[in-house]
Amino acid sequence: MTLAVLMVQGGVQDLINGDKSPTNFVLTITGGGLLAGCIAIIMNRIK
């Protein structure tokens with residue numbers, strides 16, 4: 001989960017700074033997917 005948050009943070013930071021390389025975009029999407037997956041697993045265990 002920490003890795004996913006860091007990937008999303010870094011990707012958003014690069015987008016804000018104007019560095020719009022495709023690699024950063026892919027990392028941001030991958031990080032978002034991982035983060036969503038982790039949250040889904042946590043919510044499933046709470047329920």
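Analyst: Ile-42 lies in helix α2, which covers residues 22-46. Helices (H or I, at least four residues) and strands (E, at least two) are DSSP runs, numbered from the N terminus. The model is predicted: local features need pLDDT of at least 70, side-chain atom pairs count only at pLDDT 80 or more, and totals for chains, interfaces and linings use all residues. Residues are numbered from 1 along each chain as its sequence is written, and side-chain values use heavy atoms, with hydrogens and water left out.

Ile-42 counts as partly exposed because its relative accessibility is 38%; buried means under 20% relative accessible area, exposed over 50%, and partly exposed in between (1.4 Å probe, protein chains only). Cys-38, also placed in helix α2, is partly exposed at a relative accessible area of 22%. The C-alpha atoms of Cys-38 and Ala-4 are 8.7 Å apart in space, although the two residues are 34 apart in sequence. Asn-24, Thr-28 and Gly-31 are buried residues of α2.

The helix α2 itself has 25 residues and spans 36 Å from first C-alpha to last, close to the 36 Å expected at 1.5 Å a residue. That expected span is 1.5 Å times one less than the number of residues.

As for the chain around this part, the protein has two helices and zero strands. Of its 47 residues, 13% are buried.
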